[in-house]
Amino acid sequence: MIKRLSLLLMLMIFGVINAQKTSILVFSKTAGFRHKSIEPGKKAIENMAKEKGWKVTFSEDSDLFNAKDLSAFDVLFFLNTTGDILNDEQQEAMKSFLTKGKGFVGTHAATDTEMEWEWYVNLLGASFASHPKQQKATLHINKSHGHKAVAHLNDSEEFFDEWYNFKNPVAQHVNVLATLDESTYTGKQMGITHPITWYHNYDGARVFYTGLGHTSESYSDERLLKQLEEGIKWASGQEQATVLSNKWTPLLKGDPSQNWDVFIGVPHKTVKGLPNVDPNSNGIKGEPLGLNNDPKNVFNFIEDKKGNNTVHITGEVYGALSSKQEYENYHLKLQVKWGEQKWEPRLGDLRDSGLLYHCVGPYRQFWNVWMRSQELQIQEGDIGDYYALGGATADVPVKLTSVGGKEVKLYDLNGDFKSGNTKKATDNEKKNGKWNTVELITYNGTSLHIVNGKVMMSLYNSREKTADGFVPLTRGKIQIQSEAAEVYYRNIKIKSIDKIPSKYKKYLK
């Protein structure tokens with residue numbers, strides 16, 4: 001009965017969310033070159049909004065960038081903005097708004113905006129450098145991500161536009177949807193790979209960008225309009241990229257950067273070989289090394305002859321191997337074993353890592369390094385335990401027991417529901433140095449933690465705490481922790497599910 005009520009509550013909440021109109025702030029302020037295409041672009045978005053039932057606000061007033069005014073919107077759309085258009089307080093308001101899970105869409109000159117603001121440049125994934133004359137060029141379309149923004153396009157498409165070269169290679173953390181074929185136009189500078197359209201999740205924000213949109217005529221091109229429509233729908237959370245099938249997808253085959261990013265936290269004071277390490281650092285407080293900045297090679301990929309990788313995590317600095325994609329309703333399977341090395345500040349503690357799922361929000365939400373998430377604990381003797389990080393929680397059937405004079409929630413399928421951290425009741429791990437098989441099955445807020453074929457616990461009503469109360473938490477990235485212990489992962493694979501497999505029915509309450 002409790003499970004049914006929880007599911008009904010989640011469906012009611014989703015229904016309310018879906019019934020609300022998507023609200024979009026289209027911002028077109030310029031402090032540099034002003035594109036003549038801004039007005040046709042606004043007209044095209046206005047027509048699109050009327051057709052889709054969206055609420056759209058057009059503005060060039062930077063004073064709107066405050067917590068109260070921005071809270072009225074779901075998506076922030078930079079339509080050919082240029083230059084330095086926000087002061088420090090307005091930048092912080094925008095950052096705070098987006099990291100709460102809001103959406104950002106940018107066209108063309110959005111990458112020619114706020115180029116001295118590092119967070120914004122990382123949000124966009126690129127920064128404008130130069131462009132040749134306007135001309136035709138061929139775009140190669142990548143449909144492997146299952147994103148609807150390019151589903152309507154052919155594998156190759158010819159467009160007339162102004163093609164941007166970027167200051168640096170487009171950031172590794174983006175998912176590329178279209179690349180320019182530099183052999184089809186003059187003035188290229190980016191080399192073999194020249195991304196021009198992409199999407200990604202950055203620091204809690206959902207980001208869609210296309211380099212198209214310089215000319216007024218481009219906003220009459222149905223191909224671009226459909227791309228923007230689907231980009232807005234994805235950024236607002238109305239649509240998801242279909243990245244999974246019901247067949248196993250390996251996540252460690254080939255180039256790891258296609259599926260994974262790395263986020264490195266704050267070096268402990270004992271870490272050697274890095275500049276400017278705080279001599280008082282506890283490994284939590286301070287400035288993280290950040291996204292895809294791993295100078296100590298905490299995460300290493302060891303490739304075999306078949307192109308399969310094993311992840312070697314040294315553990316020297318707290319960090320996360322973070323999936324580029326968000327996932328929902330899936331079966332994840334992997335193998336893990338411990339190495340020998342341990343590091344401060346956990347030299348005297350059990351070897352620890354962790355499989356984090358439904359990861360949302362900023363990278364620094366928990367201990368200045370991990371996202372808000374549910375955790376399938378991976379620690380010596382404790383693989384399969386449940387921990388809630390950074391404002392997440394779930395309901396687990398438990399019995400209360402005393403361990404060392406402290407009351408502990410111990411998993412018991414026939415017990416009463418309690419929320420929060422829970423210990424498994426039995427152990428099914430192998431000796432250190434042996435590979436353990438860990439599985440996570442999660443569907444509509446219900447999860448199973450499985451170790452070497454044995455269900456350790458079942459969790460229900462996954463949710464997160466927000467300013468407006470608890471809301472369902474059923475989708476997000478996957479993170480694998482570096483937590484001061486050497487550990488290896490291999491054979492990570494995932495597939496979509498449309499229900500909890502019937503073989504596990506007896507483990508559901």
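Modeller: A charge sits over a ring if NZ of Lys or CZ of Arg is within 6 Å of the ring centre and within 35 degrees of the ring normal. Keep in mind that this is a predicted model.

Biologist: Which residue lies over the face of Trp 435?

Modeller: Arg 490 does, at 4.0 Å from the ring centre. A second case is Arg 463, whose charged end sits over the ring of Phe 470, 5.5 Å from its centre.

Biologist: Let's turn to sheets. What holds strands together in a sheet?

Modeller: The general idea is that strands of a sheet pair through backbone hydrogen bonds, either parallel or antiparallel. Here, 9 strands make an open sheet with mixed pairing, in the order 2-1-3-4-11-10-9-6-7.

Biologist: Which strands stand at the edges of that sheet?

Modeller: Strand 2 (55–59) and strand 7 (156–161) do; each has a single partner strand, so one side of each is left without a neighbour in the sheet. From one strand to the next, the twist averages 20°.

Biologist: How many bridges join strand 6 to strand 7?

Modeller: There are 6, and the two strands run antiparallel. For a residue to look up, take Leu 139: its bridge partner in strand 7 is Glu 157.

Biologist: And what packs on the sheet?

Modeller: Helix 6 (residues 222–236) does, touching strands that include strand 1 (23–27), strand 10 (195–202) and strand 11 (205–210). The direction of helix 6 makes about 170° with that of strand 11.

Biologist: How should I read an aromatic pair?

Modeller: Look at the distance between ring centres and the angle between planes: under 30 degrees counts as stacked, over 60 as edge-to-face. The count here comes to 22 aromatic pairs. In one of them, the ring centres of Tyr 199 and Trp 234 are 5.1 Å apart and the planes are at 80°, so the pair is edge-to-face.

Biologist: Where in the chain do Tyr 199 and Trp 234 come from?

Modeller: Tyr 199 is in strand 10 and Trp 234 in helix 6, 35 residues apart, so to speak a link between distant parts of the chain.

Biologist: Are Tyr 199 and Trp 234 buried or exposed?

Modeller: Buried means under 20% relative accessible area. Tyr 199 has 1% and Trp 234 has 3%, so both count as buried.

Biologist: What kind of pair do Phe 366 and Trp 367 form?

Modeller: Their planes are at 15° and their ring centres 5.6 Å apart, so this pair is stacked. Phe 366, at 23% relative accessibility, is partly exposed, and Trp 367 is partly exposed at 33%. There is also an aromatic cluster, with Phe 27, Trp 117, Tyr 202 and Tyr 363 among its members.

Biologist: Where is His 358 found?

Modeller: His 358 is in strand 20 (residues 355–360), and at 0% relative accessibility it counts as buried. Beyond its neighbours within four places in sequence, His 358 is in contact with residues including Tyr 330, Arg 372, Ser 447 and Lys 477.

Biologist: What about Asn 142, where is its place?

Modeller: Asn 142 is in the loop between strand 6 and strand 7, and is partly exposed, with a relative accessible area of 26%. Leaving out residues up to four places away in sequence, Asn 142 touches Val 150, Val 176 and Leu 177.

Biologist: How many residues of strand 26 are buried?

Modeller: In strand 26 (residues 436–443), 7 of its 8 residues are buried. Strand 26 pairs antiparallel with strand 19 (residues 330–342) over 7 bridges, and with strand 27 (residues 446–451) over 6 bridges. Leu 334 has Val 438 as its bridge partner in strand 26, while Ile 441 stands opposite Leu 448 in strand 27.

Biologist: Which residue takes a positive phi in the hairpin of strand 26 and strand 27?

Modeller: Asn 444 does, near 50°, in a hairpin with 2 residues between the strands.

Methods. Residues numbered from 1 in each chain as written. Predicted model: local features only at pLDDT ≥ 70, side-chain atom pairs only at ≥ 80, totals over all residues. Heavy atoms only, no water. Pairing = 2+ DSSP bridges. Helix = DSSP H or I, 4+ residues; strand = E, 2+ residues; numbered from the N terminus. Axes fitted to C-alpha atoms, helices over the stretch in contact; angles between N-to-C directions. Contact = heavy atoms within 4.5 Å. Phe/Tyr/Trp six-rings, centres within 6.5 Å; stacked < 30°, edge-to-face > 60°. Buried < 20%, exposed > 50% of the residue type's maximum accessible area, 1.4 Å probe, protein only.
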